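Hi,

Here is the structure I promised to pass on. Have a look at it first, then read my notes below.

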2 protein chains.
Amino acid sequence: MSRTAVSAKDVAELAGVSRAAVSRCFTPGASISPETRARIVKAAEQLGYQVNRLASGLIRNETGLVALIVSDMATPYRSHLLAALTEAVQQAGKVALLIKTDRSDGSAEQALRQAISYRTDAAIFLSGMPARSLAETCMRNGMRLVLINRDEDRPGALQVRLHDAEAGRRAVAVLRAAGCRRLALASSGVGTHSISERERGFREAATAAGIDWIEERFGSTSYQTGQDLGMALLSRRDRPDGVFCATDLLACGVMDVARWRLGIRVPDELSLIGYDNIAQAGWDSYGLTTFSQPVDEMAAKSVEWLSAMAANDDGDDGAGTARAEILFMPRLVLRGSVAQGFVPGVGR
Amino acid sequence: MSRTAVSAKDVAELAGVSRAAVSRCFTPGASISPETRARIVKAAEQLGYQVNRLASGLIRNETGLVALIVSDMATPYRSHLLAALTEAVQQAGKVALLIKTDRSDGSAEQALRQAISYRTDAAIFLSGMPARSLAETCMRNGMRLVLINRDEDRPGALQVRLHDAEAGRRAVAVLRAAGCRRLALASSGVGTHSISERERGFREAATAAGIDWIEERFGSTSYQTGQDLGMALLSRRDRPDGVFCATDLLACGVMDVARWRLGIRVPDELSLIGYDNIAQAGWDSYGLTTFSQPVDEMAAKSVEWLSAMAANDDGDDGAGTARAEILFMPRLVLRGSVAQGFVPGVGR
DNA sequence: CTGAAAGCGCTTACAG
DNA sequence: CTGAAAGCGCTTACAG
């Protein structure tokens, strides 16, 4: 009853070859004769041998591990993005190390340190942001960094982001085209870059159009906050008839308060637009007009970049301070939560 | 521009001690003088040293890695369970290796092989089930197995499950007490053990009460399937007035079809009960009466068991074929989706 | 194509 | 308490 798994030595003995041969058998492109390979494969199967990635990672300086660093992972949007990334990582033959963070100070640093201790080939941040110095240490050591929807820049890291301001602008255009007279902006108080950008776009467009609007911003990006925002915005005398919510979760909360607590009909009396296109936005109860993030594509491109950088490493000496950024355009998804009217085409 | 992170050797040199001393400094309980420790800690901080868990895992035969094996991870219930497990794993000082499976053949095996190749200390299955022989190999090698809501038994593994049949029985009691005359069971066709148990409990109780019921079972456990089930059940002439759905996602679909497509009022004309208590069940649009799984507790207990087993290892020689099982009772959460009536207390 | 040998970064008896 | 040495399971020049 050995406490330790079968090793290359066991396989080598059974197959009557050297340990080096066993290693070559499982190293793509290594020189080995078909016959020895066959013998080794057979022995390996018989013994249930799996190459020890810890040992190989140690020596090859490539673990096949990619850290996924995230908070609020049970949330619809985050879990969707997380699933897409996990899938992409696995498709690339790697495996995901999942590290949960929270809003506490140093949480992102601690997560990144965990990643370092396992020598992950890369770390992908879905939330939070590591201090510049630590990030630099990582990259100097050959770890790749991907920042998804993160505000600050980290030279050498890949930034994957969306044109959020444009979404805010389009929201105004859609609401106006629907005939809304009094607009509102409902947002959380987290002050994330991508959320601030959505707000900025909204304000810009509203200002440019010379129309008035009100706004409420507080709380986290939750359904509950959405309800509170809805209450605050919709129980006023001069209540708005068109609201852009910074996320779908907020929009669901606003819509539910409107319908079930204040008796306001959607979209007849209130048009609503969200952002993220979570699954619930497509459910019959919501039918929410929203902006969709190309989550699968974002995940695929991130992992593609990782592989490209790894290939690069063989060549140059890792100057790699080039600014890498991929910008996606959120796609408007029209559903029933916005009153009928002329819907503007693409662009402004 | 070294491609490799700082090692214990670097720290030892800077601190003027041996590499062994550095190792002891970061090994809890190792004998080291306060002065050397202080020197080493300082040097380590200065250099940004992180113990290489790959190397230590190799030698200590304990990687600190726990594999979480799951499918449909973006689903509300799964993502919640996944988050709870990740949290629990981190609380215990370990880190989660996330492996996504699908319904294809051998997917669970492949996932487990990945776990083996990284020598994870344990693997927790949230979905799927590895072949008996592979599971045994794992456990012989000291890897712990936890099966959450899985049907089959794997000697030596921890089974974490819920008393699903009881939930089915209670659902019938609640619907009858609400005055429902014609019951229905809406379930997916996946035939998972836990879902079959919910069905079994429902049928048993309905039979025992001598009342009639209809049922529909097909598709996956999705909102979409819920809509289809709702259409099938509720467009009949003799449509039911009380439906137990095997999951909340199904229930949401059924409710939406009832309300928005068939104009059936909930709960006046139709009482609905789900299972899982996903976040959406608590949203105003649904207010779904359902059964809650104690997800956090399930996660905590699973990880606790892992730690206990690890402690055990030092002592005995890993006979460990004892049957380990933890059974939780789903908790009824009453909301507005069931018509008012006498609500039975605990038990039948 | 193949094997013996060195080495990745660590831990852990073993002496002192 | 401390260091020198052996060894975890692998990969990879280096000879042959």
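A quick term to start with: a residue is buried if its relative accessible area is under 20%, exposed if over 50%, and partly exposed in between (1.4 Å probe, protein chains only). Strands (E, at least two residues) and helices (H or I, at least four) are DSSP runs, numbered from the N terminus. With that in hand, look at strand S3 (residues 122-125) of chain B: B:Ala122 and B:Ile124 point one way, B:Ala123 and B:Phe125 point the other way, and all are buried.

Before going on, some housekeeping. This is a predicted model, where local features need pLDDT of at least 70 and side-chain atom pairs count only at pLDDT 80 or more, while totals for chains, interfaces and linings use all residues. Residues are numbered from 1 along each chain as its sequence is written, chains are lettered from A and ligands numbered from 1 in the order in which they are written, and side-chain values use heavy atoms, with hydrogens and water left out.

Back to S3(B). Two strands pair if DSSP finds at least two bridges between them. S3(B) runs parallel to strand S1 (residues 65-70) of chain B, joined by four bridges, and B:Phe125 is the bridge partner of B:Ile69. S3(B) also pairs with strand S4 (residues 144-148) of chain B, again in the parallel sense over four bridges.

Now, where the chains meet. Counting heavy atoms within 4.5 Å as contact, 61 residues of chain A touch 62 residues of chain B. On chain A's side of this there are 27 nonpolar, 20 polar and 14 charged residues. Strand S2 (residues 95-100) of chain B pairs with S2(A) in the antiparallel sense over three bridges, with B:Ala96 as the bridge partner of A:Leu98.

How many salt bridges (a side-chain nitrogen of Lys or Arg within 4 Å of a carboxyl oxygen of Asp or Glu) are there between chain A and chain B? The count is four. One pair is B:Lys100 with A:Glu87, whose closest N and O atoms are 3.0 Å apart. B:Arg261 and A:Asp284 also meet in a salt bridge, at 3.0 Å from N to O. B:Arg261 is in helix H11 (residues 248-261) of chain B and A:Asp284 is in a loop of chain A, so this pair joins two chains.

Within chain B, B:Glu325 and B:Arg161 form a salt bridge too (3.5 Å, N to O). B:Glu325 is partly exposed at 43%, whereas B:Arg161 is buried at 15%.

Cheers

Methods
Nonpolar A, V, L, I, M, F, W, Y, C, P; charged D, E, K, R; others polar.
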